[in-house]
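Try each question yourself before you read on.

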Amino acid sequence: MENNKLYLYPALIRIWHFLNAILILTLIISGLSMQYSDPLKPFIQFDVAVSLHNIAGLILVVNYMLFIMGNTITKNGKHYRIQLKGLQDRLLRQFRYYTFGVFKHENAPFPVTKKMKFNPIQQLTYFMTMYVMMPLLFITGLPMLFSGAFIRQLLGNGAFFVTDILHITVGFFLSLFLVIHLYFCTFGAKPYSNFKSIVTGYHEGHH
Ligand code: HEM
């Protein structure tokens, strides 16, 4: 068992990930409350939801910048660098494993190693989430927070509306990512193994 354990998530990644998860959950809950609740009977009182959303958003931006810096100066960033050559083939093999292989107890086509801790599908989704969706979330969120009046004055009410719709759309896709992320995290050696890993740092292999 011991030699099956790989140290994949150093403390800094675990702390970043924990903060990231808490903040995103806060943003989803306060965001949904602002968007959908009955103004007379809101899930969270409207002005409280707005403050919560603004503060959590700002801390998320700082936490994100630390993540990007960490990935730039440490080796963790290499896990996010996608090799385009043969990508489609690798994605298909992993997809086949997720849809059939897993249920037939086949061996994973891309077993977890220290050099490659993400399988191709994980790598692509983590890259899209962290390097595409998160920046889009900030690019649409920060202007509404700091220069809503400015956007309205310069480009009219329509521009504010477009920014808002884009922000909500990105938020929707990130929420979708979270649900899928949680589901796929159950595909470890045991259903709870990966959740244990992101707390202890050690990946538990099969066998
Ligand atoms: C309740 C919330 C969450 C739980 C329980 C959770 C669980 C996990 C687990 C078990 C892992 C390790 C397995 C793996 O690498 O696939 C992981 C890694 C990761 N998660 Fe999450 N997650 C949560 C929220 C999020 C959110 C909101 C994001 C991004 C928006 C996210 C992004 C990531 C990334 C990028 C990694 C890989 C980190 C690295 O090693 O560089 N997670 N998560």
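Helices (H or I, at least four residues) and strands (E, at least two) are DSSP runs, numbered from the N terminus. Residues are numbered from 1 along each chain as its sequence is written. This is a predicted model, in which local features need pLDDT of at least 70 and side-chain atom pairs count only at pLDDT 80 or more, while totals for chains, interfaces and linings use all residues.

Q: Which pattern does the protein follow, read along the sequence?
A: Start with the parts. The protein has 6 helices and 2 strands. Read along the sequence, they give β-α-α-α-α-α-α-β.

Q: What percentage of the 207 residues is buried?
A: A residue is buried if 20 or more other C-beta atoms lie within 10 Å of its own, exposed if 12 or fewer, and partly exposed in between; C-beta atoms are placed from the backbone. Apply this to the 207 residues of the protein, and the buried share is 13%.

Q: Which residues make up the largest nonpolar core?
A: A nonpolar core is a set of buried Ala, Val, Leu, Ile, Met, Phe, Trp, Tyr and Cys residues joined through C-beta atoms within 7 Å. The largest one here has 5 members: Leu 23, Ile 24, Leu 27, Ala 56 and Leu 60.

Q: Which helix supplies the largest share of this core?
A: Helix 1 and helix 2 (46–73) each supply at least two of the core residues. The largest share is 3 residues, and they come from helix 1.

Q: Which residues does Ala 56 touch, not counting those up to four places away in sequence?
A: Two residues are in contact if their C-beta atoms, placed from the backbone, lie within 7 Å. Ala 56 belongs to the largest nonpolar core. Its contacts beyond four places are Leu 23, Thr 26, Leu 27 and Ser 30.

Q: Which of the 21 residues around the ligand come nearest?
A: A residue is near a molecule or strand if its C-beta atom, placed from the backbone, lies within 6 Å of it. Of the 21 residues around the ligand, the nearest are Ala 21, Ile 24, Cys 185, Asn 194 and Ile 198.

Q: Which element gives the most to the shell around the ligand?
A: Elements giving two or more residues to this shell are helix 1 (11–36), helix 4 (120–155), helix 5 (157–184) and helix 6 (193–200). The top contribution is 5 residues, and it comes from helix 1.

Q: How many residues of the shell around the ligand are charged?
A: Ala, Val, Leu, Ile, Met, Phe, Trp, Tyr, Cys and Pro count as nonpolar, Asp, Glu, Lys and Arg as charged, and the others, Gly among them, as polar. The shell holds 12 nonpolar and 9 polar residues. The charged ones number none: there are no charged residues.

Q: Why are helix 3 and helix 4 roughly perpendicular to each other?
A: Axes are lines fitted to C-alpha atoms, for helices over the stretch in contact, and angles run from 0 to 180 degrees between N-to-C directions. Angles under 35 degrees count as roughly parallel, over 145 as roughly antiparallel, 65 to 115 as roughly perpendicular and the rest as oblique. Helix 3 (residues 87–99) and helix 4 have axes 8 Å apart, and they pack at an angle of about 110°. Therefore the two helices are roughly perpendicular.

Q: Which residues of helix 4 make the contact with helix 3?
A: Helix 3 brings Leu 87, Arg 90, Leu 91, Gln 94, Phe 95 and Tyr 98. The residues of the contact divide into 7 nonpolar, 1 polar and 1 charged. On the helix 4 side they are Pro 120, Ile 121 and Leu 124.

Q: How far apart in space are Phe 118 and His 79, C-alpha to C-alpha?
A: Phe 118 lies in the loop between helix 3 and helix 4. Leaving aside neighbours within four places in sequence, its contacts are His 79, Gln 123 and Tyr 126. Phe 118 and His 79 are 39 residues apart in sequence, but in space they are apart by 6.8 Å.

Q: Is His 105 buried or exposed?
A: His 105 is found in the loop between helix 3 and helix 4. It has a positive phi of about 55° although it is not a glycine. Around it are 7 other C-beta atoms within 10 Å, so His 105 is exposed.
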